[in-house]
Amino acid sequence: MIIIRTAKGLEEIRQKRQLTLQNSGFVPTMGALHNGHIALLQQSRQENEFSVVSIFVNPTQFNNAEDFARYPVTVEQDVARLEAAGCDILFLPEVEEIYPPAYQAPVYPLGNLENMLEGKFRPGHYQGVCQVVDRLLKIVKPGRLYLGLKDYQQCLVITKMIEVTGHEAKVRLCQTVREDDGLAKSSRNIRLSPEQRAIAPAISQALENIKENIISENLEQLIKLNIEMLVGKGFNVDYLVIADAETLQSLNKLVPGRIAIALAAATIGNIRLIDNMALN
Ligand code: AMP
């Protein structure tokens, strides 16, 4: 695996190894890698001759300075993991490489997606996500971009950003990787205390409950019961909703022919976890 720290260095290696839209896949990450990230790399390796992974904790997507400061950094372990998993190129830039002094942040027209659910609780988050992915796509120029469905709204937002900016990368969505007890793997999980870790799977249990018990009408009651369950276990629930999988508009009843998805965000201690599950 080659480790590259600059955009110029990456361009040189692209030329030398002849990376093209046809033969290259890209997995952007913020590091503290787990098997969810590695699954994205594995899918990229199956579909491309060259796989590039980036590790960059993007300051512009954190609406909370403390959350940014506390974000786990485990670069040495990450490098060993990527090497073992067969990554070809690791892009490990400094902030100035992604946002040089002359950088002017565009405003991406994301419509309603930007202000609902995660967007509502994390103002500016999705503009920041778009900034970093836009910059990374300009530097890496991959044919395929691998994203995890764990961050479902992010998948929709990045797909929209690619549409409006005209990047050539095709988005490839990968299933959420979970722990044995259902908890979605997340870099933030390593910050959970043993007590919090024991409670954390309740989020995926709430989503499973909704999936198992869904009826077409009166979804409010089902949501209410599961919010109560989470609150009873000590969570602060930002949202638990059943929504249209394309528009993310909340649903009170299922609409024939449309896919519905349950999405949740809840905090335990000061650790905020998100998860989602397709329902039909
Ligand atoms: P992050 O490093 O958390 O920004 O995530 C980088 C990429 O990995 C994003 O596309 C995430 O959606 C994806 N990802 C994070 N956790 C998981 C998971 N448990 N399963 C699958 N993909 C994931």
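A crossing of two helices is called right-handed if the near helix is turned clockwise from the far one by less than a right angle, and left-handed if anticlockwise. The model is predicted: local features need pLDDT of at least 70 and side-chain atom pairs pLDDT 80 or more, whereas totals for chains, interfaces and linings use all residues. Numbering starts from 1 along each chain as its sequence is written, and side-chain values use heavy atoms, without hydrogens and water.

**Helix packing**

Helices (DSSP runs of H or I, at least four residues) and strands (runs of E, at least two) are numbered from the N terminus. H7 (residues 125-140) passes H8 (residues 152-165) in a right-handed crossing. Their axes, lines fitted to C-alpha atoms over the stretch in contact, come within 10 Å and cross at roughly 55°. Angles run from 0 to 180 degrees between N-to-C directions; those under 35 degrees count as roughly parallel, over 145 as roughly antiparallel, 65 to 115 as roughly perpendicular and the rest as oblique. H7 and H8 are therefore oblique to each other.

For H10 (residues 202-213) and H11 (residues 219-232), the angle is about 160° and the axes are 10 Å apart. H10 is therefore roughly antiparallel to H11. The crossing of H10 past H11 is right-handed.

**Ligand surroundings**

Around the ligand are 16 residues, of which Met30, His37, Asp151, Val177 and Lys185 come nearest; a residue is near if one of its heavy atoms lies within 4 Å. H2 (35-47), S2 (24-29) and S5 (144-148) each supply at least two shell residues, and the largest share, three residues, comes from H2.

| Residue | Protein atom | Distance to a ligand oxygen atom |
|---|---|---|
| Met30 | polar backbone atom | 2.9 Å |
| His37 | polar side-chain atom | 2.9 Å |
| Gly148 | backbone N or O atom | 2.9 Å |

The protein covers 92% of the 480 Å² of accessible area that the ligand has on its own, by the Shrake-Rupley method with a 1.4 Å probe.

Note on methods. A polar contact is a pair of N or O atoms within 3.5 Å; within protein, one must be able to donate a hydrogen and the other to accept it, and residues adjacent in sequence count only if both atoms are side-chain atoms.
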